[in-house]
Amino acid sequence: MNRKSILAISVASIMLVSGPVLASRDHDSNDYYPAPVGDDDFRNPSPEKVELGKNLMFDKILSGNMNISCGTCHHALTDTGDGLSLPVGEGGVGLGVTRDTGSGADAVHERVPRNAPPVFNLGAHSFTVLFHDGRVEADPAFPSGCKTPAGGNLPDNLENVLACQAMFPVTSATEMAGQAGENSIADAAAAGNLAGPGGVWEQLAGRLQGIPEYVDMFKAAFPGDVVDASDITYAHAANAISAFEGVNWRADNSPFDRYLRGDKKAMSKNARKGMKLFYKGDGYGNSCAQCHSGSFQTDNAFHAIAMPQIGAGRGSNSPGKTGGHEDFGREQATGDPADTLKFRTPTLRNVALTAPYGHDGAYDTLRAVVEHHIDSVNALYNYDRSQAVLPSRDDLDALDFITMDDPDRVAFIADHNELPPLGYSDKDVDRIIDFLNALTDPSSIDLRSDLPRSVPSGLPLAE
Ligand code: HEC
Ligand code: HEC
């Protein structure tokens, strides 16, 4: 055990002897547990929309070079993520941890700078803030219903924030569009033409309009709205994708859900102990639920917890520095220095299935990322790089630890940490992990039926 935690524990044990804090820890009251969730908490789109979305999610027709789908990074066989710390975008070949960085002129130009998050439960009304930095956010002040980097360019027929999100991956050179010069969608994206004539979204709609099987599916999914092929817009596609994600990847039947609905035997004794530690706290004034609050374990807010920075970052720059190989998280969305290095608190539903963890996938096991929280600054300084899951290529590898190799930058991350050392013992951590395992919905363990066998474009599904 390190010095800081010994200090925290000894201060804590004094408090412990003096009474009320520990007394409340031992008292069994359920007041601090969240309410159960159910149908009313989720959107309920039509089966036709869901079916269309399932095809679009896995169809490479939505990428400039027709070589990658949304599903490549959010795959049903890798629990709605890709199993990697940082994704390999368009140009890469293969799926999950076997994906490589491609070859020849098609090879990827860089790693995608952030971990591909899981997509479980995002069809619940309460998920109003998307991406690790929250740059897509439900906001009725905008005609589209969302505040996003596209500002007023977003179409106004988007149905929800998850649909707003689906407008963006197709516009990213690294993720789906490809490099300028490779195809006309990439050219439009590079020129910043998303919404205009000949822009990314219009070109994609044009591709879909030309595939009769899709036209029929769009008509069925949007009756009265899509009457002819020419009525199809990319926003309709985004709406359908959001319907698929929300319905098929809903995951609210875990032992924890069943416990909250009244089945007190649904969770093991150890998981119940862990739940109490998680929601009620370490006995010394802190709890996991300070940030991971509510039924989905997130406050939808942003915190700096000294997560190690791996990969080439997103070009953020700390004062007096020039490398730009950092990712300042929320600050990139708001421009507010008070947000430097803050990332959105992730939901912990199905978390046992969705390694690696953190906005850049720095931790490969649940235990490692939970232990990071116990003494975050110390964990940052002792970060074990061998757990990063990154397909190797010399020029990419050279940037993977560029921030962690610079003592000033590591100190900068440490200085911004706002998570105090937590007073949970090793045994408490074991119980908390038992609780986190009870957040797994058994129906999410085998997602093979979420994959279409073929897609209307006729493009191959593998990779
Ligand atoms: C090359 C990999 C890649 C592809 C392809 C991709 N994504 Fe993602 N996805 C990511 C990454 C990385 C993030 C996080 C980015 C960030 O926070 O800045 C993300 C974030 C998301 C989120 C937000 C999750 C959350 O909790 O905030 C959703 C939803 C999502 N993607 C759906 C899609 C859809 C739909 C498509 C296709 C239109 C798609 N993705 C294509 C990698 C990918
Ligand atoms: C101060 C707020 C805060 C507290 C307290 C906190 N967390 Fe977190 N947690 C976060 C943030 C923010 C992230 C994401 C950080 C990032 O991506 O860089 C995170 C990430 C995680 C992850 C990784 C999830 C994923 O999908 O990547 C797990 C697991 C986790 N926390 C569990 C816990 C547990 C268990 C506790 C209590 C022991 C706890 N957290 C306490 C804010 C907090």
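This is a short tour of a predicted model, stop by stop, with something to select at each one.

Residues are numbered from 1 along each chain as its sequence is written, while chains are lettered from A and ligands numbered from 1 in the order in which they are written. Because the model is predicted, local features need pLDDT of at least 70 and side-chain atom pairs count only at pLDDT 80 or more, whereas totals for chains, interfaces and linings use all residues; side-chain values use heavy atoms, with hydrogens and water left out.

**Stop 1: ligand 1**

Select ligand 1 and show what surrounds it: 27 residues, with Cys-70, Cys-73, His-74, Phe-131 and His-132 the closest. A residue belongs to this shell if one of its heavy atoms lies within 4 Å of the ligand.

Next, look for polar contacts, here pairs of N or O atoms within 3.5 Å (within protein, one atom must be able to donate a hydrogen and the other to accept it, and residues adjacent in sequence count only if both atoms are side-chain atoms). A backbone N or O atom of Phe-131 sits 2.7 Å from an oxygen atom of ligand 1, and a backbone N or O atom of His-132 is 2.8 Å from an oxygen atom of the ligand. Gln-165 uses a polar side-chain atom, 3.2 Å from a nitrogen atom of ligand 1. Colour by secondary structure and you will find that the elements giving two or more residues to this shell are α4 (70-73), α5 (161-165), α6 (173-177) and α10 (234-248). Helices (H or I, at least four residues) and strands (E, at least two) are DSSP runs, numbered from the N terminus. The largest share, 3 residues, comes from α10.

By residue type, the shell around ligand 1 holds 16 nonpolar, 6 polar and 5 charged residues. In this count, Ala, Val, Leu, Ile, Met, Phe, Trp, Tyr, Cys and Pro are nonpolar, Asp, Glu, Lys and Arg are charged, and the others, Gly among them, are polar.

Now zoom in on the iron. Which protein donor does the iron atom of ligand 1 have? The only one is His-74, through NE2 at 2.1 Å. Donors are N, O and S atoms within 2.8 Å of the metal (3.2 Å for Na, K and Ca), and water is not among the atoms, so sites may look incomplete. His-74 itself is in the loop between α4 and β1 (129-130).

**Stop 2: helix α9**

Select residues 212-221, helix α9, and pick out its buried residues: Tyr-214, Val-215, Met-217, Phe-218 and Ala-221. They lie on the same side of α9, because they cover an arc of only 165° around the axis. That arc is taken from the directions from the helix axis to the C-beta atoms. Buried means under 20% relative accessible area, exposed over 50%, and partly exposed in between (1.4 Å probe, protein chains only).

**Stop 3: ligand 2**

Move on to ligand 2, which has 23 residues around it; Cys-288, Cys-291, His-292, His-359 and His-373 come nearest. Polar side-chain atoms of His-292 and His-373 each lie 2.8 Å from a nitrogen atom of ligand 2. A polar backbone atom of Gly-358 is 2.7 Å from an oxygen atom of ligand 2. Two or more residues of this shell come from each of β5 (343-344) and α14 (366-374), and α14 gives the most, with 4 residues. The shell around ligand 2 divides into 15 nonpolar, 7 polar and 1 charged.

**Stop 4: backbone details**

Select Ala-355 and Pro-356, which are joined by a cis peptide bond with omega of about -5°. Pro-356 is in the loop between β5 and α14. Then go to Leu-341, in the loop between α13 (330-334) and β5. Its phi is near 70°, a positive value in a residue other than glycine. Is Leu-341 buried or exposed? At 9% relative accessibility, Leu-341 counts as buried. Met-66, in the loop between α3 and α4, also has a positive phi, near 55°, but counts as partly exposed at 34% relative accessibility. Most residues other than glycine have a negative phi, and most peptide bonds are trans.
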